[in-house]
Amino acid sequence: MDEKRMPDGIVLTEAQKRSRRQRSIAIALALGVLVVLFFAVTIVKGPVVLLRPM
Amino acid sequence: MSVVDHNAIELPRISEAEVGDYLALLKPRVMSLVIFTALVGLVIAPGHVHPILAFTSILCIAVGAGASGALNMAYEGDIDALMSRTANRPIPRGRITREEATAFGLILAFFSVMTLGILVNWLAGALLAFTIFFYVVIYTMALKRWTAQNIVIGGAAGALPPVVAWAAATGSLSMEPVLLFLIIFFWTPPHFWALALFRSDDYARAGIPMLPVVAGPDATRLQILLYTIVLVAIAVAPWPLGYFDAIYGITSLVLGAGMMALAINVYRRREGSTALRATRRLFAFSIFYLFALFATLLLEVVVRAVMAAIG
């Protein structure tokens with residue numbers, strides 16, 4: 001019985017790991033900018049931000 | 001004995017795309033022109049806009065334009081591979097799949113529209129959504145592979161950013177942003193047909209019915225000349241109509257004379273390297289023409305502010 005040992009799951013290459021990390025950091029930064037933007041505009045608009053007429 | 005043949009299992013594709021590949025999907029050069037024209041729309045709008053809201057508006061318009069670019073590339077992955085101008089884009093190079101580009105574009109489109117609507121106003125948000133829809137669905141999916149008028153009608157999408165910016169600044173629309181829209185709208189055909197004249201082999205290979213491919217170079221030269229006449233007239237009109245000041249009017253006349261001279265040159269020189277040089281010069285000058293026209297509008301605002309500060 002020739003049972004070749006297979007790795008558990010998919011093993012990423014170094015290049016794949018590096019690009020994934022780079023993409024993850026970019027997504028984190030983009031989300032961070034979005035949070036800061038919403039916070040800043042809330043401060044700028046003040047209480048008016050609560051008025052949302054349809 | 002294993003009952004699973006591991007060699008028969010198709011492993012999922014693991015992306016090696018880097019951030020730069022995703023940035024390339026946003027068409028940074030187109031985006032820079034969008035940012036600039038939107039900035040002009042925002043600055044010339046009456047009233048005061050808080051810098052944070054101004055920044056938010058420009059950011060959302062830029063990201064919305066990038067989303068349009070990504071969705072355009074996702075749809076055109078097949079023809080991009082056939083043209084030398086676009087063969088190096090991330091999808092033809094195999095860096096990003098069309099599905100990944102579609103998901104990326106849709107997410108950016110959603111966030112840009114919603115952020116602009118929630119943080120600035122919903123008129124601007126709705127106009128941005130319409131711009132993305134027009135570019136992706138009307139231009140890319142419907143017109144581009146179907147009619148030689150593709151860039152004439154599709155040019156509306158590229159002309160909308162200053163209108164969106166004006167709406168972001170004022171919450172309404174008026175004649176000035178419509179004039180900016182018309183200038184970019186009538187600038188688009190001479191600009192892209194000049195490009196198509198010296199890239200017609202590329203477009204023919206990809207099966208895109210650009211005017212030089214469908215109607216021939218001579219008919220395209222005539223159309224370029226006619227659209228340039230309309231463009232120059234429309235670009236000057238806001239001055240006598242009283243919408244923009246004399247600095248803009250005189251600059252527009254001078255730049256318009258340059259555009260006309262180059263368009264006439266393209267019309268007259270039809271053979272050999274002189275014809276090629278004429279179209280390349282018109283293409284390059286058309287970029288400068290639009291940039292200079294809009295920069296003059298910015299300059300007018302600055303001059304007006306300085307004059308008001310002085311006395």
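At what angle do helix 2 (residues 28-44) of chain B and helix 3 (residues 51-75) of chain B pack, and how far apart are their axes? In this predicted model, the two helices pack at an angle of about 145 degrees, and 9 Å separates their axes. The crossing of helix 2 of chain B and helix 3 of chain B is right-handed.

The residues that form this contact can be followed along each helix. Helix 2 of chain B contributes Met31(B), Val34(B), Ile35(B), Ala38(B), Leu39(B) and Leu42(B). From helix 3 of chain B come Ala54(B), Ser57(B), Ile58(B), Ile61(B), Ala62(B), Ala65(B) and Gly66(B). Sorted by class, the contact between these helices comprises eleven nonpolar residues and two polar ones, with no charged residues.

Attention may now turn to the interface between the chains. Here 24 residues of chain B are in contact with 19 residues of chain A. Together, chain B and chain A bury about 1900 Å², of which 72% lies on carbon and sulfur atoms. Within the area that chain B buries against chain A, 26% is supplied by Ile14(B), Val19(B) and Leu119(B), more than by any other three residues.

On the side of chain B that touches chain A, helix 1 (19-25), helix 3 and helix 5 (98-119) of chain B each supply at least two residues. By class, that side of chain B has 16 nonpolar, six polar and two charged residues.

Conventions. Residues are numbered from 1 along each chain as its sequence is written. Chains are lettered from A and ligands numbered from 1 in the order in which they are written. This is a predicted model: local features need pLDDT of at least 70, side-chain atom pairs count only at pLDDT 80 or more; totals for chains, interfaces and linings use all residues. Side-chain values use heavy atoms; hydrogens and water are left out. Axes are lines fitted to C-alpha atoms, for helices over the stretch in contact, and angles run from 0 to 180 degrees between N-to-C directions. Helices (H or I, at least four residues) and strands (E, at least two) are DSSP runs, numbered from the N terminus. A crossing is left-handed if the near helix is turned anticlockwise from the far one by less than a right angle, and right-handed if clockwise. Contact means heavy atoms within 4.5 Å. Ala, Val, Leu, Ile, Met, Phe, Trp, Tyr, Cys and Pro count as nonpolar, Asp, Glu, Lys and Arg as charged, and the others, Gly among them, as polar. Buried area is the accessible area (1.4 Å probe) that two parts lose on being put together, summed over both.
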